[in-house]
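Have the structure open beside you as you read.

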Amino acid sequence: MSNLVGVAGEHFAAGELARRGFLVTLTRGNAPGIDILAYHPETKKTVALQVKAALGGNQARGKWIMSQKDEDEAAVRSDAFIFIRLPEPPDPAEYSIVPSRTVAKAIYADHRSWLATPGSKGQQRSTKNTMRHFKDPAGKWRDRWDIILALAGHRTRP
């Protein structure tokens, strides 16, 4: 099921980007760390995007499961993440757009903070845990399509 959710998320993101004037190509797993290449014909610039999608019932608003590789700023391949929460129909999809380096810094700091606090039984947390979380409970990054437009050299806010 999660593979279908991921594919749906990529298509939802592609549709939103097309509405905003981008020509969109889905990489279909052929470009590690990049799910979508979005070209803006006015600026002639391409933006590399990574999509993370989850079903609304399985995903708390403003919290995204990431992996250890996503915290390495030097290894970041995409320009931005598009996080998509897919609630039950007929509710619309919810989008959060965050620069990839911002995500890397945030999950690195969050994980270090988690490691520094004791576990539920007072034990030292395991450094072998590869799960990370990107958190945006206040919705600071919600519907920030202007970030992708700016990355493409288009300075008009949507």
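Glu16 and Arg19 sit three residues apart in helix α1, which spans residues 2-19, and that spacing is about one turn of the helix. In this predicted model, their side chains meet in a salt bridge, with N and O 3.2 Å apart. Glu16 also has a salt bridge with Arg20, where the N to O distance is 2.6 Å.

How exposed or buried are these residues? Glu16 has 14% relative accessibility, so it counts as buried, since the cut-off for buried is under 20%. Arg19 is exposed, with a relative accessible area of 65%. Arg20 is partly exposed, at 22%.

A further pair joins Arg61 and Glu94, whose closest N and O atoms are 2.6 Å apart. Arg61 lies in the loop between β3 (45-55) and β4 (63-67), while Glu94 belongs to strand β6 (residues 94-99), so this pair ties together parts that are 33 residues apart in sequence. Arg61 is exposed, with a relative accessible area of 55%, whereas Glu94 is buried, at 11%.

| Salt bridge | N to O distance |
|---|---|
| Glu16 and Arg19 | 3.2 Å |
| Glu16 and Arg20 | 2.6 Å |
| Arg61 and Glu94 | 2.6 Å |

The structure as a whole holds 11 salt bridges, these among them. As a general point, side chains of opposite charge can pair when their charged atoms come close.

Now turn to helix α2. It covers residues 100-116, which makes 17 residues, and it reaches 24 Å from its first C-alpha to its last. That is close to the 24 Å expected at 1.5 Å a residue.

Which residues of α2 are buried? They are Ser100, Val103, Ala104, Ile107, His111 and Leu115. These residues cover an arc of only 100° around the axis, which puts them on the same side of α2. On the other side of the helix, Lys105 and Ala116 are exposed.

What covers the buried residues of α2? The cover includes strands β4, β5 (80-86), β6 and β7 (131-135).

Conventions. Residues numbered from 1 in each chain as written. Predicted model: local features only at pLDDT ≥ 70, side-chain atom pairs only at ≥ 80, totals over all residues. Heavy atoms only, no water. Salt bridge = Lys/Arg side-chain N within 4 Å of Asp/Glu carboxyl O. Helix = DSSP H or I, 4+ residues; strand = E, 2+ residues; numbered from the N terminus. Buried < 20%, exposed > 50% of the residue type's maximum accessible area, 1.4 Å probe, protein only. Expected span 1.5 Å × (residues − 1). Arc of directions from axis to C-beta. Contact = heavy atoms within 4.5 Å.
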